[in-house]
Amino acid sequence: MNTSTITGVVFDMDGTLVDSKLDFDAMREELGFPEGQPILEHLDTLSDPLLIDNAHRIIRQHEMAGAKAASWMPGAEAFVHHLKALNIPMAILTRNMREATALTLASLAIPIEAVLTREDCLPKPHPQGLLMLAERWQMPCGNMVYIGDYLFDIEVAANANMRSCLYLNEHNRHYADTADWVIEHFDQLTAAF
């Protein structure tokens with residue numbers, strides 16, 4: 001893992017930077033959405049205003065509960081403070097809602113100011129959020145890395161011509177071959193920067 005050209009780091013939030021205990025399968029089941037279907041994309045297919053309002057209410061309940069339960073992933077806090085000490089710009093790009101994201105940031109005192117949620121840009125894997133950050137930082141995407149735990153995280157990085165780093169867990173090992181870098185603990189990144 002050669003990080004010598006990396007001058008900006010962007011994190012996914014849930015399942016990467018923090019463990020928010022979000023159970024997307026349980027959320028889909030409560031919503032009555034098809035198994036394995038991405039929630040936001042399925043939500044966009046609904047046309048009944050009552051169904052849409054109810055879906056937003058259920059999603060908000062789950063995301064706010066996740067924000068209240070959130071804790072740092074092992075080694076993530078130390079890595080963030082390490083990057084801060086090196087003056088490497090950091091951001092969060094999440095498919096989560098702004099309200100839950102703000103609660104997570106505040107409750108864990110996460111010192112990252114550049115934060116984009118699904119209200120700020122098109123959701124991953126669309127590269128809009130990463131391109132916005134690159135423009136804000138006046139930095140080529142090739143000098144940035146996106147760290148996440150899901151296929152959309154690898155795809156969004158590829159769609160922005162940015163390097164991807166997969167944070168391994170028991171559910172995502174089958175994506176490992178598609179990421180540029182793979183870590184099992186944030187200490188590996190702290191040692192590499």
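## Strand β7 and its neighbours

Tyr167 stands opposite Ile183 in strand β8. Strand β8 covers residues 181-183 and pairs with β7 in the parallel sense over three bridges; two strands pair if DSSP finds at least two bridges between them. Strands (E, at least two residues) and helices (H or I, at least four) are DSSP runs, numbered from the N terminus.

Strand β6 (residues 144-148) also runs parallel to β7, and four bridges join the two. Ile147 is set opposite Cys165 of β7. From β6 the chain passes through helix α7 (residues 151-159) to β7 in a right-handed β-α-β crossover: with the strands pointing away from the viewer, the path from the first strand over the helix to the second runs clockwise.

Strand β7 spans residues 163-167, and because four of its five residues are buried, it is largely enclosed by the rest of the structure. Buried means under 20% relative accessible area, with exposed over 50% and partly exposed in between (1.4 Å probe, protein chains only).

## The protein as a whole

The model is predicted; local features need pLDDT of at least 70, side-chain atom pairs count only at pLDDT 80 or more, and totals for chains, interfaces and linings use all residues. Residues are numbered from 1 along each chain as its sequence is written, and side-chain values use heavy atoms, leaving out hydrogens and water.

The protein has eight helices and eight strands. Of its 193 residues, 50% count as buried. Its C-alpha trace spans about 50 × 30 × 30 Å along the principal axes.

Among contacts (heavy atoms within 4.5 Å) with a separation of 6 or more, 61% involve residues 24 or more positions apart.
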